[in-house]
Amino acid sequence: DQLVADGKIDAVVFFGAADHGWEPGKWDWGTEGRDIVVRDLTNRGFKKITAPVGAVYQKKAKGLLETITVIGPEVLKDLQHGTDGLFKTLVSQNEIVIYNGHSFYGSLNVLNDPSIYPGKYQIFLMSSCWSYEYYTKQIFQHNQTAEDPQG
């Protein structure tokens, strides 16, 4: 009920390349995952709309506007050193954040920036080799409130 109170659901899905040496145009688990999600969104009636970065899909059903931004390995590769800025912006703008990528040996430093958390209910799905051990402590710490001291 907290997610749909405003009549919309905004989600972002990040797909990083699985291979450190990956180059655009080559097959990779990250591109495969992105392609499967895009196929499934299209099959479920989502329409691609113009976006400044990545691909954005929308569908309106039962009065609820669903918007899903898909960021593939190509976008992350093109940005090189600007990925933290993109991640910050999209985490702060979306209620559901799905990350499919590397664990980066302990944390995503960008998750330590309290300014990325908008102070509203969010769902994070972190899919990497050590997601729970690494990321939950960062996300919970920055979502602590008087009503929810555990974050």
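Asp40 has a relative accessible area of 25% and is therefore partly exposed, where buried means under 20% relative accessible area, exposed over 50% and partly exposed in between, for a 1.4 Å probe and protein chains only. Its salt-bridge partner is Arg39, with the closest N and O atoms 3.0 Å apart; a salt bridge is a side-chain nitrogen of Lys or Arg within 4 Å of a carboxyl oxygen of Asp or Glu. Arg39 counts as partly exposed at 45% relative accessibility.

The model is predicted, so local features need pLDDT of at least 70 and side-chain atom pairs count only at pLDDT 80 or more, whereas totals for chains, interfaces and linings use all residues. Residues are numbered from 1 along each chain as its sequence is written, and side-chain values use heavy atoms, with hydrogens and water left out.

**Salt bridges**

By the stated rule there are 5 salt bridges. The table lists some of them.

| Pair | Closest N to O distance |
|---|---|
| Asp40 and Arg39 | 3.0 Å |
| Asp10 and Lys8 | 3.5 Å |

Arg34 is buried, with a relative accessible area of 15%, while Asp35 is partly exposed at 40%. Together with Glu74, Arg34 and Asp35 are linked in a network of salt bridges. Asp10 is buried at 13% relative accessibility, and Lys8 is partly exposed at 34%.

Glu95, in the loop between α3 and β5, is buried yet has no salt bridge. The nearest side chain of opposite charge is that of Lys120, 4.4 Å away; Lys and Arg count as positive and Asp and Glu as negative, while His and the chain ends are not counted. Beyond its neighbours within four places in sequence, Glu95 has contacts (heavy atoms within 4.5 Å) that include Lys8, Asp10 and Lys120.

**Nonpolar cores**

A nonpolar core is a set of buried Ala, Val, Leu, Ile, Met, Phe, Trp, Tyr and Cys residues joined through side-chain atoms within 4.5 Å. The largest has 18 residues, and those with the most contacts inside it include Phe14, Ile71, Phe87 and Phe124. At least two residues each come from β1 (8–15), α3 (83–93), β5 (96–100) and β6 (123–127); helices (H or I, at least four residues) and strands (E, at least two) are DSSP runs numbered from the N terminus. The largest share, 4 residues, comes from α3. Another core, of 14 residues, lies apart from it, and Val13, Leu41, Leu64 and Val70 are among its members.

In α3, the buried residues are Leu86, Phe87, Leu90 and Val91. They lie on the same side of α3 because they cover an arc of only 125° around the axis, the arc being that of the directions from the helix axis to the C-beta atoms.

Val53 lies in the loop between β2 (47–49) and β3 (55–61) and is partly exposed at 27% relative accessibility. Val53 and Ile71 are 18 residues apart in sequence, with a C-alpha to C-alpha separation of 7.7 Å. Residues up to four places away aside, Val53 touches Thr69, Ile71, Val75 and Leu86.

**Aromatic pairs**

Rings of Phe, Tyr and Trp (its six-membered ring) pair if their centres lie within 6.5 Å; planes under 30 degrees apart count as stacked, over 60 as edge-to-face and the rest as tilted. The count comes to 4 aromatic pairs. Phe14 and Phe87 form a tilted pair, because their centres are 4.8 Å apart and their planes at 40°. Since Phe14 lies in strand β1 and Phe87 in helix α3, this pair ties together parts 73 residues apart in sequence.
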